Amino acid sequence: MSIIVGYVPTPEGEAALERAVSEARRNSTFLVVINSSRGDATVDKRYAQGSEIASIEERLGREGVEHHILQPVRGNDAASEVLQAAEDYRAELIVIGLRKRTPVGKLIMGSTAQQILLEADCPILAVKAAPAT
């Protein structure tokens with residue numbers, strides 16, 4: 001069993017990672033961090049680069065969390081990658097970050113979070129980033 005977290009290098013992604021680490025530590029559960037790109041990872045701002053991944057690796061090591069970081073670049077959307085990882089790793093929980101969007105923005109662009117919420121076979125924990133101070 002495992003906890004899956006969808007990670008992007010944004011405040012929402014950091015909030016999701018923070019909560020996923022907390023849940024993994026509390027339950028002594030394996031953590032899988034998913035950060036994917038549909039296309040060219042070198043120009044995709046949501047795809048974590050080397051130093052960001054190294055920082056996550058270091059943090060998870062310090063926290064004593066058994067983990068694996070996946071960065072697939074297969075042309076799939078982020079929701080599909082998270083859902084596939086949840087299936088592959090027999091997830092007991094998926095943690096995702098939420099960002100504020102207008103109703104029109106949700107309608108036109110769709111929602112990664114919405115797809116995960118509707119299609120996942122396990123519980124989902126949706127986390128908001130702390131407001132900027």
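Because the model is predicted, local features are reported at pLDDT of at least 70 and side-chain atom pairs at pLDDT 80 or more, while totals for chains, interfaces and linings use all residues. Residues are numbered from 1 along each chain as its sequence is written, and side-chain values use heavy atoms, with hydrogens and water left out.

**The whole chain**

Followed from the N terminus, the elements run β-α-β-α-β-α-β-α-α-β. Of the 133 residues, 38% count as buried, a word that stands for under 20% relative accessible area, against over 50% for exposed and in between for partly exposed (1.4 Å probe, protein chains only).

**The sheet**

Select the five strands next: they form an open sheet in the order E3-E2-E1-E4-E5, with parallel pairing, where two strands pair if DSSP finds at least two bridges between them. Strand E3 (67–70) and strand E5 (124–128) are the edge strands, each pairing on one side only, and the twist averages 20° from one strand to the next.

Now select strand E1 (residues 2–6) and strand E4 (residues 91–98), which run parallel and are joined by four bridges; serine 2 has alanine 91 of E4 as its bridge partner. Five bridges join E1 to E2, also running parallel, and here glycine 6 has isoleucine 34 of E2 as its bridge partner. Continuing from E2 to E3, four bridges join this parallel pair, and the partner of valine 32 is histidine 68 in E3. Four of the five residues of E2 are buried, so this strand is largely enclosed by the rest of the structure.

Contact here means heavy atoms within 4.5 Å, and axes are lines fitted to C-alpha atoms, for helices over the stretch in contact, with angles from 0 to 180 degrees between N-to-C directions. Helix H5 (residues 112–119) packs on the sheet as well, touching E4 and E5, with a direction at about 160° to that of E4.

**The nonpolar cores**

Which residues touch the most other members of the largest nonpolar core? Select Val5, Leu31, Val33 and Val95, which do so among its 20 residues; such a core is a set of buried Ala, Val, Leu, Ile, Met, Phe, Trp, Tyr and Cys residues joined through side-chain atoms within 4.5 Å. E1, H1, E2, H2 and E4 each supply at least two residues of this core, and H1 gives the most, with six. Centre the view on leucine 31, whose contacts, not counting residues up to four places away in sequence, include Ile3, Val5, Ala20, Val21, Ala24 and Leu60. A second, separate core of 15 residues includes Ala79, Ala86, Ala91 and Cys122.

**A buried serine in a loop**

Finish at serine 37, in the loop between E2 and H2, which is buried, with a relative accessible area of 2%. Leaving aside residues up to four places away in sequence, serine 37 touches Asp44, Tyr47, Pro72, Val73, Arg74, Gly75 and Asn76.
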